[in-house]
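Q: I have a structure open and would like to talk through its fold. Could we begin with the sheet?

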Amino acid sequence: MSPAAIIAIAAVVLVALFAVALLTAARKSDVRGAGALSRETRRRDKDAEIDGPAPTGRQVERAATEAREASLVKPESTAPVTWVAPDAEQIGVNRRQFLNRATVTLMSAGLGTFAAGAFVAFLWPTAAPVFGGKVNVGKIDDIIASIRSNAGFFYSSSARSYLTQYPPEALPKAKGVPQYAPLLGGMSEGVVAMYQKCPHLGCRVPQCASSQWFECPCHGSQYNRVGEKKAGPAPRGMDHFAVTVSAAGDVVIDTSTVITGAPIGINTSGQEAEGPHCITGGGGSH
Ligand code: FES
């Protein structure tokens, strides 16, 4: 090959290389122009491409919709629910329970107080003795005065007894009556106590001011002023209580023991009816 041909081929090659260089430079210039990504962006895109492919627009939109729905508060189910009564023990005491319990508590407290009071009263010694014990009915002088002002009789409701004067001249006879032995102390003080209960069937035997006897309205039994039987169906004279007179002059009737009345026919006082009888049909000794 001639030197001229070699030079011509070399020139063509040089021209070709020059043209390629120009094209490459032009391309780089286009890439760095408007709309081109910065190096940092391209690096992030490159990193993103390493993690996975970039999501499509539809995928992004779906993800946004799902995130929005998840953030919404879903309403409770509106389906009807069967009502179940609440547990009273859990919800506490209702009004009815409160009233019932209050009533029971108050009744229990009242009964308890009453029982306690009754128990204390039972054990506590009574200030004023009542029937069944020793009953102080007053001063002897006052008793005698009352008997005389009340037509021969003195009645004590607390002792359920009558007090009358016992004639001192009858004491010798009284000492011969066994049933009168516990009564002699009172008789010697001038008084004798009769239990108000009729020895026949238990009626209260009232005094009769006109006859100065005791005359039972139930069946007509009659007793003289010291309780000795004079008439009627009673099986004996009126029952008695022992009487004591203290040094201070207090008359005490011991109602703890009923002293059986004297047998029929005993008449230590010799007192006969001093006027009309209050109860008809009695009359005469049986
Ligand atoms: S109860 Fe007194 S006479 Fe019968």
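Q: In what order do the strands of the open sheet run, and what is the pairing?
A: This is a predicted model. In it, 6 strands make up an open sheet, ordered E1-E10-E9-E4-E3-E2, with antiparallel pairing.

Q: Which are the edge strands?
A: They are strand E1 (134–139) and strand E2 (154–156), each of which pairs on one side only.

Q: And by how much are neighbouring strands turned against each other?
A: On average by 30°, with direction ignored.

Q: What packs on the sheet?
A: Helix H6, residues 140–149, packs on it. Helix H6 touches E1, E2, strand E3 (161–165), E4, E9 and strand E10 (250–259). The direction of H6 makes about 75° with that of E1.

Q: Let us turn to E9. How many bridges pair it with E4?
A: Strand E4 (residues 191–195) and strand E9 (residues 240–245) pair over 2 bridges in the antiparallel sense. Met194 has His240 in E9 as its bridge partner, and Ala193 has Phe241.

Q: How many bridges join E9 to E10?
A: E9 and E10 run antiparallel and are joined by 5 bridges. Val245 stands opposite Val251 in E10.

Q: What lies between E9 and E10?
A: The two strands form a hairpin with 4 residues between them. In the turn, Gly249 has a positive phi of about 90°.

Q: What does Val243 touch?
A: Leaving aside residues up to four places away in sequence, Val243 touches Gly185, Gly186, Val191, Val192, Ala193, Val251 and Ile253.

Q: One change of topic: helix H5. How many residues does it have, and what is its reach?
A: Helix H5 covers residues 95–123, which is 29 residues. From its first C-alpha to its last it reaches 42 Å, close to the 42 Å expected at 1.5 Å a residue.

Q: How many residues of H5 are buried?
A: The count of buried residues is 0 among its 29 residues, and H5 is hardly covered.

Methods
Residues are numbered from 1 along each chain as its sequence is written. This is a predicted model: local features need pLDDT of at least 70, side-chain atom pairs count only at pLDDT 80 or more; totals for chains, interfaces and linings use all residues. Two strands pair if DSSP finds at least two bridges between them. Axes are lines fitted to C-alpha atoms, for helices over the stretch in contact, and angles run from 0 to 180 degrees between N-to-C directions. Two residues are in contact if their C-beta atoms, placed from the backbone, lie within 7 Å. The expected span of a helix is 1.5 Å times one less than its number of residues. A residue is buried if 20 or more other C-beta atoms lie within 10 Å of its own, exposed if 12 or fewer, and partly exposed in between; C-beta atoms are placed from the backbone.
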